[in-house]
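Work through the exercises below with the sequence and the 3D view open. Try each task before reading its solution.

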Amino acid sequence: MSSIAVLRASQLVTLAGPKRPRAGRELSELAMIPNGGMLIRDGKIDVVGPSAEIEKKAGDAEVIDARGKVVLPGFVDAHTHLVFAGNRLDDFERRACGDTYEQIAKAGGGIWSTVEKTRAASETDLLMQAKKHADWFLRCGTTTVESKSGYGLSVEDELKMLRVMRRLNQETPLEIVPTFLGAHAVPRKRRADEYVDLVVNEMLSRVTSDGLAEFCDVFCESGYFDIEQSSRILGAAKKLGLKLRIHADQLNNSGAAKLAGQLKATTADHLEKTDKEGIAALKSGGVQPVLLPGSVYALGSSHYPRAREMIEAGLSIVIATDFNPGSSPTPSMPMILSIACTQMKMSPAEAVSASTINPAYSLGRGDQIGSLESGKLANFSIFDCVDYRELAYWFGVQQTDSVYVKGRRVH
Ligand code: NIG
Ligand code: FE
């Protein structure tokens, strides 16, 4: 039996608490242990407590000295587009010169340009690029990510993306939770309704029969998929046993948050343009909002989602990177903590709950990851700072000391 004792952390941020996502004031309760420690056996957390007590129980365990450092559960990133080919440097430059996301998409950039590159890439090439992205996430202290397809937009290319995620899960220490996002954009020269037929009649059954996804997502937005088309796709996905996430109200308030509430989706993501009614719909449907301030920042907008109102409404909010080549090219959760605090007025403690325990529940893994508690997987990161608030405060600097997945050092 292999054991590890993490000792003398200046703050062991456990997030121990009720076995459900945190809401309201609970978001500020981090269950932190000053001068804390934990004992790990066979990849799982055995005991958590004051360092002196852990030391007594440590026996011949290998010791990790976390003196002067902060220990946190591995970040759980509940919204990424991790698999894609190439980059969108031209879009980036055009945006810097004043063009909008929508203008760039119309002029031949946008999602479609990544689709062309992703279709042309072999499975092996895509996997190689995805491994590079996976390594970036680990380096930033993230140990689980949700990852969406959606740059294939044909049966074979969507399946190719999902198979890359499966291999990534097997071949790297990063845990991948796969989401089918066949309805990310309407392919060139196709009618939207005809493409929705393809998603509903062919793609969904292929994806589910091969067990390639846990969730289904739709980009519900004008110019992409409207409420009726989104509802058709998500309804069909639900019948096949997939759980639901929705890109909702990112560029316009199209009523997508309300749809998420009606469908009792697991999450509604983005929500930049969601109003009071939309927030109420999320609450009544038990939907977790996933806020993606990195995409607001990178698109050069200042229209952040109403995080404070959502917290006051009692929603179990999540923050995520939305890592993708177009609107949010960052894998860094510490960067997202910074933007959440400075732009959405979340406290550092709320931001930590929203990037660990809450996303773990949103991915159906709240019993395994997201906090440092006895019985959970030993997925944790050690940061080179003495106070957890430093993670959000110093921005643009890498503070990761080391990262562990199932008790094994991966970075
Ligand atoms: O979440 N909004 C749609 N999808 C992504 C952007 C994808 C892209 O531009 O490639 C997002 O922001
Ligand atoms: Fe997205």
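**Exercise 1.** How much area do domain 1 and domain 2 bury between them, and what percentage of it is on carbon and sulfur atoms?

Solution. Begin with the ground rules. This is a predicted model, in which local features need pLDDT of at least 70, side-chain atom pairs count only at pLDDT 80 or more, and totals for chains, interfaces and linings use all residues. Residues are numbered from 1 along each chain as its sequence is written, chains are lettered from A and ligands numbered from 1 in the order in which they are written, and side-chain values use heavy atoms, with hydrogens and water left out.

Step 1: find the domains. Domain 1 covers 3-73 + 371-409, and domain 2 covers 75-331. These bounds come from an automatic or database domain assignment. Their C-alpha centres lie 31 Å apart.

Step 2: read the area. The two domains bury about 1000 Å², with 60% of it on carbon and sulfur atoms. Buried area is the accessible area (1.4 Å probe) that two parts lose on being put together, summed over both.

Step 3: L27, V403 and V405 supply 31% of the area that domain 1 buries against domain 2, more than any other three residues.

**Exercise 2.** Which residue forms a salt bridge with D157?

Solution. Step 1: take the total. The structure holds 29 salt bridges.

Step 1: locate the pair. D157 pairs with R119, their closest N and O atoms being 3.8 Å apart. D157 is in helix α6 (residues 155-171) and R119 in helix α4 (residues 110-120), 38 residues apart. Helices here are DSSP runs (H or I, at least four residues), numbered from the N terminus.

**Exercise 3.** Which atom of ligand 1 lies 2.7 Å from a polar side-chain atom of Q250?

Solution. A nitrogen atom of ligand 1. By comparison, R88 places a polar side-chain atom 2.8 Å from an oxygen atom of the ligand.

Terms used:
Polar contact = N/O pair within 3.5 Å; in protein donor to acceptor, adjacent residues only side chain to side chain. Salt bridge = Lys/Arg side-chain N within 4 Å of Asp/Glu carboxyl O. Helix = DSSP H or I, 4+ residues; strand = E, 2+ residues; numbered from the N terminus.
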